[in-house]
Structures are given as C-alpha cells and as structure tokens.
Amino acid sequence: MTGSTVRPPAYQQLADELRAEITSGRLQPGERLPPEPELCVKIGVSRSTVREALRLLASQHLIVTTRGVTGGSFVAHPDARQLGDGLSTGFALLTHSAAVGLADLLELRRALEVPAAGMAAIRREEAHLTELRGALFDPGADDVDTMLAAHSAFHRTVAKATGNPLFELVGRPLYQASYGEEVIGDLPEGYWRQIDIDHRSLLDALAARDPEGATRCAAAHLDFIARTVR
C-alpha cells in the first residue's frame, strides 16, 4: 500500500535499541547486558529473537558473549583494529562509486597525517620506532603486495604513535582504500623508491622528536603521491 512503512524485524529493533545504549555511553565497556530471559520479558520477544540481536551486535564488535556460570553478554572494550575493519566496508563502497575519488582520499589523508606526524614526534615511544623500522621495505624487491602492506603498516604505526586511538581508527581503512587495483598498475617507475625515502625521512624526524620536521616530511610525502598517482 502506498505510504506504508515496513517495520524492521524484531531482532533488528532490539539490536538498534541496545546499540543506542552502548554508543550513547549508558552501557559502559565491560558492563553486562541484562540476561536473555530478562530481555525476553522486558521487550516482549522470543529467546531466539534476543539471541539473533545479540549475534548481530557481536558481529559488529559491540559486545562479547561468554558461556558458563559467570558468562553472559558484555559491552566490548573499543578496539581500533576491529572497529577499523567495520569502517573499511563504508570506505570501500564509497571509493568504488562516483562520489569519492583518489583526490578526496588524499585530501583526508593530508588533514589527518600532517598534524598526526607532529603529535607522533612528541608522543612516540621507543616501541613505535621499532615498529616503524620493521615496516620499512626494499623498494627494489619488485614485490608490490609486500610494499603495499608495509606502506599501510608504517602509516598505521605513525597514527598509533599519536597516542590518540581515533587517528588509528580512521587511518586503518583509509590506507586500505588509498590504493585500488586501478591505481597500483599505473604507478610510475621509481615510485616505491621515493616512498621509501619519505618513510625514512619521517622516521628520522620522529626519532629526533622534531614535530616541525615530521609535519614537513608528511606534507612532502603526500605532495609526491598527489603529483604522481592518478
């Protein structure tokens, strides 16, 4: 019938209500959700509906469920890796549409990475430098998959070194989306050699705790990518 509204299934409605409780902070990380029988009575749905709603929330990394006498469903502690995986789907959909192009991704990277590099230079720990050194690669190895993985790992570590988990959360899917198959095949000769030089320069600035040098390196790195990648 025209103008009618299709109501979502009961499990989806319950999941939406519980998600709102979690994302608003009314239910805190580590806090236990009401037991399944209590939710059945409170919401007026079957136990199978409650379990389906809980499975949906678990798949979104919002809750964890344990078994046993002390088991139950608990609000998950935020994890940048898991939450970033969820964002990756949205990034992938947008970047494969006409709405978002490589220029948009680079614009977002510039807004995030340049200030992040300065913060990382001030806040980084020795463990971050070790991780960054481990993400360096041999640009002459002719192994694009390895270099792409190392590139992503390097920038994720810089984001982590800011001490602000939101940089890491947004950066993870962003670096995955910045290099589609259509871009990788058109990279000019010497591209990865310059990327390696840029990474090493940024690492030196972070090691020296030089925030101005780090921001300059990050900006120059993105300028190079913008000039050469189409």
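1. Setting aside neighbours within four places in sequence, Leu206 is in contact with Ala117, Ala120, Ala121, Arg124, Leu129, Leu132, Val158 and Ala214 (contact means heavy atoms within 4.5 Å). This is a predicted model, in which local features need pLDDT of at least 70 and side-chain atom pairs count only at pLDDT 80 or more, while totals for chains, interfaces and linings use all residues. Residues are numbered from 1 along each chain as its sequence is written, and side-chain values use heavy atoms, with hydrogens and water left out.

2. The largest nonpolar core has 30 residues, and Tyr191, Trp192, Leu206 and Ile225 have the most contacts inside it. At least two residues of this core come from each of helix 5 (102–123), helix 6 (126–134), helix 7 (144–161), helix 10 (191–207) and helix 11 (211–228). Helix 10 supplies the largest share, seven residues. Another core, of 16 residues, lies apart from it and includes Leu14, Leu39, Leu62 and Val75. A nonpolar core here is a set of buried Ala, Val, Leu, Ile, Met, Phe, Trp, Tyr and Cys residues joined through side-chain atoms within 4.5 Å. Buried means under 20% relative accessible area, exposed over 50%, and partly exposed in between (1.4 Å probe, protein chains only).

3. The axes of helix 10 and helix 11 come within 8 Å and cross at roughly 165° (axes are lines fitted to C-alpha atoms, for helices over the stretch in contact, with angles from 0 to 180 degrees between N-to-C directions). Helix 10 is therefore roughly antiparallel to helix 11, a term used for angles over 145 degrees. In this pair, Tyr191, Gln194, Ile195, Asp198, His199, Ser201, Leu202, Ala205 and Leu206 of helix 10 meet Gly213, Ala214, Cys217, His221, Phe224, Ile225 and Thr228 of helix 11. By class, the contact of helix 10 with helix 11 has nine nonpolar, six polar and one charged residues.

4. Arg47 belongs to helix 3 (residues 47–59) and is partly exposed, with a relative accessible area of 41%. Not counting residues up to four places away in sequence, Arg47 touches Glu36, Pro37 and Cys40. The C-alpha atoms of Arg47 and Glu36 are separated by 6.7 Å, the two residues being 11 apart along the chain.

5. The protein chain has 11 helices and two strands (DSSP runs numbered from the N terminus: helices are H or I, at least four residues; strands are E, at least two). Of its 230 residues, 39% count as buried.

Technical notes:
Angles under 35 degrees count as roughly parallel, over 145 as roughly antiparallel, 65 to 115 as roughly perpendicular and the rest as oblique. Ala, Val, Leu, Ile, Met, Phe, Trp, Tyr, Cys and Pro count as nonpolar, Asp, Glu, Lys and Arg as charged, and the others, Gly among them, as polar.
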